[in-house]
Amino acid sequence: MAQSLAKEFTKGLWAEIPPFRLVLGLCPVLAVTKTVENGLGMGIATTFVLVFSNLLVSLLRNVIPSKVRIACYIVIIATFVTIVELVMQAYTYPLFLKLGIFIPLIVVNCIVLGRAEAFASKNSPVMSVADGMGIGIGFTLSLAALGAVREILGAGTITIWGGNSVFDMATSFPGFNPFTFMVEAPGAFVALGLMLAIMNLIGEK
Amino acid sequence: MREMMSMIIVLTVLTAVSGGLLASVKSGTEDRIEQQIFKFQLAPAMNDIFGKVSNDPAKEKFEIEHEGIKYKFFPAKLEDGSKAVAFQTKGKGGYGGDVGLMVGIDLDSDQIVAARVTTHSETPGLGARAKDDPEFVSQFEEKTMDANLALKGQGGSIDAMSGATITSQAVTLAAIQAQDLYKKLKPEILKQIK
C-alpha cells in the first residue's frame, strides 16, 4: 500500500512528468514561462486544482453516471479553478494580473481532465490525491525550470517574490547581453524542444 | 428512465453545491479583492493623473448611485490648490471585454486633468498599449466637458491607436460616459465635497 502510494506520487516527478513525458498541457507551459515566478505561480495554482479535483472525482466515482461523467468533471474542475482565481485576486493580485487569462484556462488544461478521467475515476481517494500531488509538483517544477532557462537567457536575471533579483547574469558574466528572443513566443518552443531533447537523452541510456 | 433520473439528480446536486460554495468564497474575498484592485490599479492610475495631492483620496471617497450603478468618486486637492475629482467608467466593446478608464476632472474649470486605463483584458502589444503607453490617453488632457471625444473617424477629436481601433473606441466610449456622468452628477459631487 505504502509502496504503491509512493509510486503514484513519484511517477509524476519523472516517469510521467507532464510537459516533458506526457507532452500535455502545453498551452500554459509555453505562454506563462517568461519568468520563474510566473511558472511557479501557474504550477501551484494547477497543483491545487489537480489535487482537489482528483479527490472529489475519486470520492464521487461510484455516484457519477458514466454518460455525464465529463460534464461532472468539468463542473468540479471549474469550481476549484474559480476558487483559485478569487483567492489569487485577493492575495496575490500582481501575479494574477501577469497570469491573466491563463488562470481561468486551467479548466481546459488537459492534464487536469486527463488525470480525472484516466486515474481518479478508477482509484481510491488517497491514491488519487497522491497522483494529483505528484503530477502537480512535476508540472510546477517543469514550469519553473523552463521559466528559469528563459528568464536567465532572455532577461539575464532570476527574480522571485517581489522584485529582488536573486541572480544577475550581468554581475557574474560581465558583457552578457540579454537574448530577448527567449522571452518571446518562439523562444518558448525552442527552449521546450531543447529540454525535451535533453530529457530523452538522459532517459535513453 | 432510472438512469436518466440519476443523471439529472447528480448534475443538479453537483452544480447547486458548486454554486453555493463559489458564492460563499466570492463574498468572503470580495472586500479584499476590492482593496487589491484599488492598491494595484486605481491608486497608481490616480497617482499618474494628479501627481502629488495634499489629501488622501482613498479615505475621502464617496459613492453616488446613477441609473442603478454605484460610482466611486475620489476627491483630490492638487498641488496648485485646485480641487479635482477622479472616477472610473467602463467602456463597452473592447477586444477582451470592458475597458476601465479612470478620469480626473478639475472641479473649477470642468476640464479633464488626465485619464488612465485601469482594468482591461486587451491584447498585449496592441490594445494593451492604451494602458502601457500613456500617449493615447494623453489626448484627453485639458478637454472640456463639451468636447467631442469620439474617434476622428466618427467625427470626434481623438486619434485612434494604429492597430487597435476597437480598443481605442472602447476607451473613447468610457471617456464620453465620464463627461456625461460628470455633467449630470456635478451638483451632487460638489455637495459631497463641500
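I started with the order of elements in chain B: from the N terminus on, they run α-β-β-β-β-β-α-α. My tally for chain B is 3 helices and 5 strands. I note that this is a predicted model.

Next I looked up the overall form of chain B. Its radius of gyration is 20 Å, whereas a compact globule of 194 residues would have one near 16 Å. The box around the C-alpha atoms of chain B is roughly 75 × 40 × 30 Å along the principal axes. I find 41% of the 194 residues of chain B counted as buried. I also checked contacts in chain B with a separation of 6 or more: residues 24 or more positions apart make up 51% of them.

Then I turned to the interface. Chain A puts 20 residues into the contact, and chain B puts in 19 residues. Together the two chains bury about 1,800 Å², with 80% of it on carbon and sulfur atoms. On the chain A side, Leu86(A), Ala90(A) and Tyr93(A) lose the most area to chain B, together 29% of what that side buries.

I looked for polar links too. There are 4 residue pairs in polar contact between chain A and chain B, both residues at pLDDT 80 or more. I found 1 salt bridge across the interface. Lys67(A) and Glu3(B) form a salt bridge through their side chains, at 3.4 Å from N to O.

Last, I asked which elements of chain A touch chain B with two or more residues. They are helix H5 (69-91) and helix H6 (93-99). H5(A) gives the most, with 11 residues. This side of chain A divides into 16 nonpolar, 3 polar and 1 charged residues.

Methods: Residues are numbered from 1 along each chain as its sequence is written. Chains are lettered from A and ligands numbered from 1 in the order in which they are written. This is a predicted model: local features need pLDDT of at least 70, side-chain atom pairs count only at pLDDT 80 or more; totals for chains, interfaces and linings use all residues. Side-chain values use heavy atoms; hydrogens and water are left out. Contact means heavy atoms within 4.5 Å. Buried area is the accessible area (1.4 Å probe) that two parts lose on being put together, summed over both. A salt bridge is a side-chain nitrogen of Lys or Arg within 4 Å of a carboxyl oxygen of Asp or Glu. A polar contact is a pair of N or O atoms within 3.5 Å; within protein, one must be able to donate a hydrogen and the other to accept it, and residues adjacent in sequence count only if both atoms are side-chain atoms. Helices (H or I, at least four residues) and strands (E, at least two) are DSSP runs, numbered from the N terminus. Ala, Val, Leu, Ile, Met, Phe, Trp, Tyr, Cys and Pro count as nonpolar, Asp, Glu, Lys and Arg as charged, and the others, Gly among them, as polar. The radius of gyration is taken over C-alpha atoms; the globule rule is 2.2 Å times the number of residues to the power 0.38. Buried means under 20% relative accessible area, exposed over 50%, partly exposed in between (1.4 Å probe, protein chains only).
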